[in-house]
Amino acid sequence: MPPKLSNNYSAETKAQIKQADLVLLACDYEGPLVPMALSDEEVRMAETVHEHLISLSQIPSVRLAIISSSSLIDLREKIT
């Protein structure tokens, strides 16, 4: 069983990611990565979120998955 995270979870998580052979980070697009909106046109990812995802995706041991009800083509347009 992995160790439980303390209140200092950010530093602990970074350390665990650096030590791991492989990390899968799966995020739901609507809600966690962008605010919920009434229409797709209103949904925009913050630049800082996009930058963090790019940084995470460049770590060799990290695999990033984004889950969405949108089509793959539509989702690619939203995040690139």
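How many helices and strands does the secondary structure of the chain come to? The count is 3 helices and 2 strands, with helices (H or I, at least four residues) and strands (E, at least two) taken as DSSP runs and numbered from the N terminus. Read from the N terminus, the elements follow the order α-β-α-β-α. This is a predicted model, so to speak, in which local features need pLDDT of at least 70 and side-chain atom pairs count only at pLDDT 80 or more, while totals for chains, interfaces and linings use all residues. Residues are numbered from 1 along each chain as its sequence is written, and side-chain values use heavy atoms, with hydrogens and water left out.

On to confidence. pLDDT is the predictor's confidence in each residue, from 0 to 100. It averages 79 over the chain, and 82% of the residues score at least 70. Where pLDDT is low, the predicted coordinates should not be read in detail.

Of the 80 residues of the chain, 19% count as buried, meaning under 20% relative accessible area, against over 50% for exposed and in between for partly exposed (1.4 Å probe, protein chains only). The largest nonpolar core has 8 residues in all: C27, Y29, L33, V34, V43, M45, L53 and L75. Such a core is a set of buried Ala, Val, Leu, Ile, Met, Phe, Trp, Tyr and Cys residues joined through side-chain atoms within 4.5 Å. Residues up to four places away in sequence aside, V34 touches Y29, V43, R44 and M45. Among contacts between residues at least 6 apart in sequence, 57% join residues at least 24 apart.

Two loop serines are worth a look. S61 sits in the loop between α2 (47–57) and β2 (62–67), and it counts as buried because its relative accessibility is 13%. Beyond its neighbours within four places in sequence, S61 is in contact with I17, A20, D21, L22 and V23. S70 belongs to the loop between β2 and α3 (72–79) and counts as buried because its relative accessibility is 17%. Neighbours within four places aside, S70 is in contact with E30, L75 and K78. E30 itself lies in the loop between β1 and α2. E30 and S70 are 40 residues apart in sequence and 9.5 Å apart in space, C-alpha to C-alpha. Besides S70, E30 touches M36, I67, S68 and S69, not counting residues up to four places away.

Finally, the largest pocket has a volume of about 210 Å³. On a 1 Å grid over the protein atoms alone, a pocket is an open set of points with protein on both sides within 12 Å along at least five of seven lines, whereas a cavity is a set where a 1.4 Å probe fits but cannot get out. Lining residues have an atom within 4 Å of a point. Grid points are joined across faces, edges and corners, and the volume is the space filled by probe spheres set on them. The lining consists of T13, K14, I17, K18, V23, L25, L56, I59 and V62. The elements giving two or more residues to it are α1 and β1 (23–28), and α1 gives the most, with 4. By type, the lining residues divide into 6 nonpolar, 1 polar and 2 charged, where Ala, Val, Leu, Ile, Met, Phe, Trp, Tyr, Cys and Pro are nonpolar, Asp, Glu, Lys and Arg charged, and the others, Gly among them, polar.

Notes:
Contact = heavy atoms within 4.5 Å.
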